[in-house]
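Colleague: Can you walk me through this one? I'm new to it.

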Amino acid sequence: RIFYRIFRDWRKIFVAAMVIALLAGVGNFALKKIKTSNPEYLKKAEENFERENAAFFATGETLSREIANLEETRAEREAYNADSILMKINPYREFNASLQIYIATDYQIVPELTYQNIDLSNRILQSYLTYMVNGDMYQYILDHLSQPVELRYLKEILSITPDYDNRMISLNVQNVDEEGCEEILTLAQEGILAKQPGIVKAIGEHELNTVNQSVYESVNLELDEWQKANIQYVSELSIRLQEKGEEYAKWERSPEPQKEYTAASILRNSIKTMILGFLAGAVLAAIFIAFCYIMSDKLQDADSLKNRYGLRVIAQVPKVHKKRVWVGFDRLFACMGGLPLYERDAAALAKVAAQSVMAELMAMGTLKGGTIAFTGNVALEEMKKLIAEMEWGDSCTVKCVPNILNNPSAVPEIMNAEYIVLIEKQEESSYT
């Protein structure tokens, strides 16, 4: 009912919304024009626009670079995870191969001599380490491997540890199987032995002795955590890439900064203010009408009359208005309120109402020469006009009686009448 009441006054809501919209739009336009007439304001506005415009496009470029970097990083990490030997190793069945190479020379300390020969062991050890670390040994292994492997993946599984105090070098290989470990370790030995003649010629005589050579299987929980961290890192990169993509899409959808001090910009802003003012005005007007409806003691509909006085509604006659525009909306909202009657049928409905009253009294068996008094919280002139449109015949006498709540002289007339018909006007008649 409350929504029906709001819709019935859609013209008032429209007018109120238009008034507020015009006030807001014109006020905004006038205020902007006054501001833009100030040279200092225009200069400051120009500086703000340049700053906002630069920041806007800088944001887009930054997001674009971040997306490109994330895509490149993710592609590299995915390729690494697919090709890395460490990523292929089962951490619960990791195969290892290790050996130690001992460098032996004929150096001896002669106590009785003041001058001692130079110990070349550390120089020889450093020469072998240089050969192993600078890439020559890795390249020798890569050239002779049965399956091609990239250098960075080989360096991950082949570790070199020097021991200068004991003149030893330890080699350790990790791989997915025993054969892979032995192949790499064997090629490393071959490369070192191939390098020996050159070091002998350059530094001095020595021997290479291999000790503690073994191949074994182990469980490497640290490798398991490292592999999981790599996989998780790829997932995090994908999430970050998706987030940056959404931010970039949002940036593309966002409007570019506009110069607020141009005539076109002021006009657009004023139109936007008018639209917002119209919506705000419509909402405020609807709230006001709803508040008045809730607080009003007026008769809102026929059901309210029935519930208030316990009377049965015999007939409803629509009010005849002057010709109005968009009357279709009025008809629609009237149907929503349960009044599917047309104003053009008001005269016919008045006659039908008279017949309904007559039929009601005849059903009671009391309609013979009696007087029917029409009264209610309605102006006497309107009541007489309505009664004049009805056709009663000669079977009864009809008269209009003023409202007994406002006119005490109407009480005797009501008392002298055999039948009383109450007439009330929707949204105008009061309960008090």
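Modeller: Start with two helices: α3 passes α9 in a left-handed crossing, meaning the near helix is turned anticlockwise from the far one by less than a right angle. This is a predicted model, where local features need pLDDT of at least 70, side-chain atom pairs count only at pLDDT 80 or more, and totals for chains, interfaces and linings use all residues. Residues are numbered from 1 along each chain as its sequence is written, and side-chain values use heavy atoms, without hydrogens and water.

Colleague: At what angle do α3 and α9 pack?

Modeller: About 155°, with the axes of α3 (residues 39–83) and α9 (residues 221–253) 9 Å apart. So α3 and α9 are roughly antiparallel (an angle over 145 degrees).

Colleague: New topic. How do the axes of α5 and α6 cross?

Modeller: At roughly 50°, coming within 4 Å. Helix α5 covers residues 121–133 and α6 covers residues 136–144.

Colleague: Which residues of α5 and α6 meet?

Modeller: Tyr131, Met132 and Val133 of α5 meet Asp136, Met137, Tyr138 and Tyr140 of α6 (contact means heavy atoms within 4.5 Å). They divide into 6 nonpolar, no polar and 1 charged.

Colleague: And how many disulfides?

Modeller: The count is 0, taking a disulfide as a pair of cysteine sulfur atoms within 2.5 Å.

Colleague: Is cysteine 400 buried or exposed?

Modeller: Buried, at 17% relative accessibility. Cysteine 292 is partly exposed at 32%. Buried means under 20% relative accessible area, exposed over 50%, and partly exposed in between (1.4 Å probe, protein chains only).

Definitions and conventions:
Axes fitted to C-alpha atoms, helices over the stretch in contact; angles between N-to-C directions. Parallel < 35°, antiparallel > 145°, perpendicular 65-115°, else oblique. Nonpolar A, V, L, I, M, F, W, Y, C, P; charged D, E, K, R; others polar.
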